[in-house]
Amino acid sequence: MKRILVVVAHSDDEALGCGGTLAAQADRGAEIAVMFLTNGVGARRVAQNDPRVTQRAEASRAACKVMGVKTIFQRDFPDNQLDSVPLLDVVQSVEEVVAEFKPDIILTHFDNDLNVDHRVCHQAVLTACRPQPGHSVRTILSFEVPSSTEWAFSAPAFSPNVYVDISAHTKHKQQALEAYSGEMHAAPHVRSIKSIEALARWRGATVGVEAAEGFCLIRQISKEI
Ligand SMILES: [Zn+2]
């Protein structure tokens, strides 16, 4: 049985980046956990009992339920300031979760995203998952997050080489995004249901299926090709 860990900076990144894939894999019996590095609320320090924090946590629980995610690891690094934290602290936090959950697949942010938290998250995952003897992680994939990946205009573009057919799970992705309605915008904003559906259609059309999510393969270790 596959064990998939999604490591993201903010709750909603997982639904935007791989919501359909998670729902599809959960249907196939995968055990899925998501780790949120920040509470996703505001750039300044916000109390853990702030209503915005509890609302966002509720939204993430609802979204995760739709996507078949059984476990949530919530951390409290400062939102939009992940670069102000020593990288080692973030790395150790990811290492703890990897040691506890023992995933064989990790999904995380693209390294050139505009959002600094996303870039730190990617770096922390790669460092935490150094392929030392006995390490559980076989595959690391990065995904795109609308309003961050494609907005880093001058950086090398996200060019997926792994596609997951989510034709049967576009509804799940949409429902997960609806749980995060406070983070969504009206079309033609790139972070609108319409635009995200259009992206899924385009990624699908690229490989001849109705809808897909695209990933960049960062690393894969296996006994066969
Ligand atoms: Zn984010």
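Contact means heavy atoms within 4.5 Å. The model is predicted, so local features need pLDDT of at least 70 and side-chain atom pairs count only at pLDDT 80 or more, while totals for chains, interfaces and linings use all residues. Residues are numbered from 1 along each chain as its sequence is written, and side-chain values use heavy atoms, with hydrogens and water left out.

**View A. Helix α3 and its cover.** Helix α3 spans residues 87-101; helices (H or I, at least four residues) and strands (E, at least two) are DSSP runs, numbered from the N terminus. Val90, Val91, Ser93, Val94, Val97, Val98 and Phe101 are the buried residues of α3. They line one face of the helix, because they fall within an arc of 160° seen down the axis of α3; the arc is that of the directions from the helix axis to the C-beta atoms. Buried means under 20% relative accessible area, exposed over 50% and partly exposed in between (1.4 Å probe, protein chains only). Their cover includes β1 (3-8), β2 (31-38), β3 (71-77), β4 (105-109) and α4 (116-128). Exposed Leu88, Glu96 and Glu100 sit on the face of α3 turned away from the buried side. Lys102, with a positive phi near 50°, follows α3.

**View B. Arg191 in the loop between α5 and α6.** Arg191 lies between α5 (170-179) and α6 (193-206). Arg191 is buried, at 11% relative accessible area. Not counting residues up to four places away in sequence, Arg191 touches Asp12, Leu16, Val145, Pro146, Ser147, Glu183, Met184, His185 and Ile196.

**View C. Phe153 in a loop.** Phe153 is in the loop between β5 (139-143) and β6 (162-165). Phe153 is exposed, with a relative accessible area of 70%.

Definitions and conventions: Expected span 1.5 Å × (residues − 1).
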